Amino acid sequence: MADKKATRESYGAALAELGEKYDFLVLDADLAAATKTGMFKKKFPERFFDCGIAEGNMISVAAGIAATGKKVFATSFAMFAAGRAYEQIRNSIGYPHLNVNIVGTHASITVGEDGATHQCNEDLALMRTIPGMSVICPADATEAYAAVEAALNHDGPCYLRFGRFAVPNLTPELVPDYKFELGKGVTYREGTDVTIVATGYMAHLAVEAADMLAAEGISAGVINIHTIKPLDTELILNAAKKTGAIVTAEEHTIVGGLGAAVCEALSESYPVPVLRVGVEDKYGKSGKVPELLELYGLTAANIAAKAKAAIALKR
Amino acid sequence: MDTNKKLELARIANNVRIGVIEGVYSAGCGHPGGSLSMADVMTYLYFEELNVDPKNPKAEGRDRFVLSKGHTAPVLYATLAERGYFPKEELKTLRKTDSRLQGHPDMKGTPGVDMTTGSLGLGFSAACGMALSGKVDNKSYRVYTVLGDGESEEGQVWEAAMFAAHYKLDNLVAVLDWNGLQIDGPITEVMNPTPHDEKFRAFGWNVISINAHDFDEIEAAFRAAKEVKGKPTVIIAKSVKGKGVSYMENACEWHGQAPKEDLYKVAIADLEKIAESLK
């Protein structure tokens with residue numbers, strides 16, 4: 001089994017290392033220890049600015065910094081970055097298309113014990129509505145690191161989502177010649193009966209689900225979509241044509257996120273059955289992460305069950 | 001200030017006011033009241049204070065200006081046109097489809113607009129970001145922003161005020177347009193944000209109070225702000241909303257509506273009379 005590491009750890013490490021190569025500032029809102037921007041702060045204290053518990057101001061400050069031509073990361077928990085400061089992101093950063101990387105850590109159910117107020121299940125949906133915003137949700141440590149560098153080299157605003165909970169670093173094992181390309185999905189596994197399209201924390205569970213299905217003689221392809229927007233519609237369309245059934249898997253509400261994006265893309269070009277695994281229009285709650293994942297159906301077993309149901313819907 | 005210079009600035013400010021009325025009348029909507037109240041300050045900024053070049057609006061070392069009360073875009077546009085950023089004739093395209101002059105300032109579309117604003121509170125924070133960036137890179141440019149008094153009811157204004165003082169942004173000057181009126185009535189009746197001087201002082205700012213229509217006081221305030229080290233400066237500028245147009249002065253209803261033809265003519269006649277007096 002691959003090493004486990006939270007994607008937020010990778011974020012902190014990437015900032016600290018890339019800080020040597022690139023000129024950028026990092027902002028946080030009193031969460032540097034948790035979001036891991038503290039790793040950058042320790043190394044580059046003169047380029048790190050704590051904004052205190054004032055996320056709206058932090059986002060507009062970031063816009064002002066970007067307006068002077070400087071790259072900047074603005075970091076908080078996903079709930080307070082994408083949620084609380086949505087309007088600041090839309091109007092200060094999105095509309096003028098400024099080079100700000102907005103980073104939301106501690107997204108969704110795998111926050112665990114802090115419960116519903118801190119488990120942002122809606123950030124991908126919110127960020128996806130903003131014209132020109134790239135929305136990135138890396139699957140593991142390798143991908144998270146690469147995503148940070150890609151965002152630095154991207155012209156335009158990015159939202160990056162990182163998790164609190166450790167996740168197996170599968171990408172290097174599954175894709176030996178892995179290269180992160182913004183807007184391009186990663187094929188983890190080819191299949192013929194159904195395709196599982198997953199993002200973030202759910203990507204490694206999609207691989208587990210494909211193994212379970214293989215044991216039953218079902219050939220499931222697995223695609224990791226690290227960029228929800230712009231969506232790699234070509235890859236998804238080809239998978240739909242090849243396998244005729246899709247299951248999406250995201251640690252996020254099924255409203256407006258990856259599942260919705262895939263449905264929108266396919267309904268306009270090549271409609272096939274799409275079943276969505278995700279938080280089913282509910283709030284989270286406090287608990288141990290494995291128990292919560294079970295409770296909300298964010299499991300390999302649920303993905304496999306939905307895959308079989310999607311196959312049954314094929315005409 | 002030298003009498004001739006004062007007269008010249010007053011003439012320019014009057015032209016700016018005419019530009020405001022032309023734009024808003026042509027659009028059939030917009031915000032004349034809070035535009036007219038800041039015409040003198042905006043004139044002083046663009047003709048005396050800011051280190052800017054209309055021929056090179058994106059020059060790296062330029063001073064930055066952020067109209068945080070973005071709804072008063074007409075006064076920004078009229079001032080920029082007067083300063084030569086674009087033809088004055090273009091003011092008549094205000095708020096029209098495909099115009100460079102959007103209802104609220106758009107940094108990507110309009111020469112001379114340094115920050116996209118319109119949602120209250122956001123521009124003030126952005127100005128703080130610009131000032132911080134300048135400090136980090138040891139740049140000598142200064143950052144100026146104009147806030148509304150009603151705008152100061154936004155919580156984000158005070159988040160930004162805290163931030164600017166915390167990071168000792170002495171390259172930042174905010175002007176607070178204290179015209180005393182907002183859409184729903186007098187600011188003290190709608191949601192009293194006063195006293196601004198004591199609040200800003202408590203937040204760690206250098207506070208200067210002036211008459212927004214007196215060029216001597218405006219000049220003295222901006223000069224004093226440059227001398228203050230280690231803290232940002234706010235200039236609380238007591239103004240007359242609708243200044244220069246008889247029926248708009250201190251009248252709440254002219255916050256956000258355009259005059260029809262008859263009242264447009266009265267407005268222009270009022271301002272032409274002022275122009276005569278400045279000859």
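Modeller: Two strands pair if DSSP finds at least two bridges between them, where strands (E, at least two residues) and helices (H or I, at least four residues) are DSSP runs, numbered from the N terminus. The model is predicted, so that local features need pLDDT of at least 70 and side-chain atom pairs count only at pLDDT 80 or more, while totals for chains, interfaces and linings use all residues. Residues are numbered from 1 along each chain as its sequence is written, chains are lettered from A and ligands numbered from 1 in the order in which they are written, and side-chain values use heavy atoms, with hydrogens and water left out.

Biologist: In which order do the seven strands of the open sheet in chain A lie?

Modeller: Strands of a sheet pair through backbone hydrogen bonds, either parallel or antiparallel. Here the order is 3-2-4-5-7-6-12, with mixed pairing. Strand 3 (48–50) and strand 12 (227–229) of chain A are at the edges with a single partner strand each, so one side of each lacks a neighbour in the sheet. From one strand to the next, the twist averages 20 degrees. Within the sheet, strand 5 (residues 100–105) and strand 7 (residues 158–161) of chain A pair in the parallel sense over four bridges, and Val103(A) stands opposite Leu160(A) of strand 7.

Biologist: At what angle do helix 4 of chain A and helix 6 of chain B pack?

Modeller: Axes are lines fitted to C-alpha atoms, for helices over the stretch in contact, and angles run from 0 to 180 degrees between N-to-C directions. Helix 4 (residues 55–67) of chain A and helix 6 (residues 155–166) of chain B pack at about 65 degrees, with their axes 9 Å apart. That makes the two helices roughly perpendicular, a term that covers angles of 65 to 115 degrees.

Biologist: Which residues meet where helix 4 of chain A packs on helix 6 of chain B?

Modeller: Contact means heavy atoms within 4.5 Å. From helix 4 of chain A come Glu55(A), Gly56(A), Asn57(A), Ser60(A) and Val61(A), which meet Gln156(B), Glu159(B), Ala160(B) and Phe163(B) in helix 6 of chain B. By class, this contact has three nonpolar, four polar and two charged residues, where Ala, Val, Leu, Ile, Met, Phe, Trp, Tyr, Cys and Pro count as nonpolar, Asp, Glu, Lys and Arg as charged, and the others, Gly among them, as polar.

Biologist: How many helices and strands does each chain have?

Modeller: Chain A has 14 helices and 14 strands, whereas chain B has 10 helices and seven strands.

How values were computed. Angles under 35 degrees count as roughly parallel, over 145 as roughly antiparallel, 65 to 115 as roughly perpendicular and the rest as oblique.
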